[in-house]
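Hello,

Here is the structure I promised to pass on to you. Please have a look at it first, and then read my notes below.

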Amino acid sequence: MYILPLIWVFTYKLDKDSFVIKYKARLVVRGDLQVSQFKDTYAATLAARVFKALMAIAAYFNLDIYQFDAINAFCNALIDELIYVRYPDGFQVPGSCLKLLKALYGMPRSALL
């Protein structure tokens with residue numbers, strides 16, 4: 001069993017004058033180091049043809065259309081395999097590691113889950 005490292009990815013949002021207006025920190029798993037277990041990683045997305053057909057049907061029947069966005073969708077999916085990760089920088093506990101319960105960014109199967 002290999003213990004995967006975690007890394008912090010920082011993003012800075014700037015205004016038009018290049019002043020920082022927002023800081024964002026994301027905890028990411030080094031999924032490229034994960035040993036492949038030959039599990040499915042394909043995550044289906046809506047094809048453009050299907051989307052256009054749905055919009056045409058909605059327009060024809062004068063239906064209301066709403067758009068939704070899944071905020072932090074990757075961080076809410078439960079994992080169906082056993083994965084251990086190291087503590088991220090700033091949270092070291094000597095001689096121990098963490099058991100990952102939910103999907104994080106960087107894992108190959110996160111989009112599918």
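Residues 24 or more positions apart make up 60% of the chain's contacts with a separation of 6 or more, where a contact means heavy atoms within 4.5 Å. This is a predicted model, in which local features need pLDDT of at least 70 and side-chain atom pairs count only at pLDDT 80 or more, while totals for chains, interfaces and linings use all residues. Residues are numbered from 1 along each chain as its sequence is written, and side-chain values use heavy atoms, with hydrogens and water left out.

The chain has 1 helix and 5 strands, in the order β-β-β-α-β-β. Helices here are DSSP runs of H or I with at least four residues, and strands are runs of E with at least two, numbered from the N terminus.

Patch residues have over 30% relative accessible area and no salt bridge, with like charges joined within 9 Å and nonpolar side chains within 5 Å. A salt bridge would be a side-chain nitrogen of Lys or Arg within 4 Å of a carboxyl oxygen of Asp or Glu. Lys24 lies in strand β3 and is partly exposed, at 37% relative accessible area.

There is also a nonpolar patch of about 860 Å², whose members include Leu46, Phe51 and Leu63. Leu63 sits in the loop between α1 (48-60) and β4 (84-85).

Best wishes

Notes: Buried < 20%, exposed > 50% of the residue type's maximum accessible area, 1.4 Å probe, protein only. Areas by Shrake-Rupley, 256 points an atom, 1.4 Å probe, with all protein chains shown as cover.
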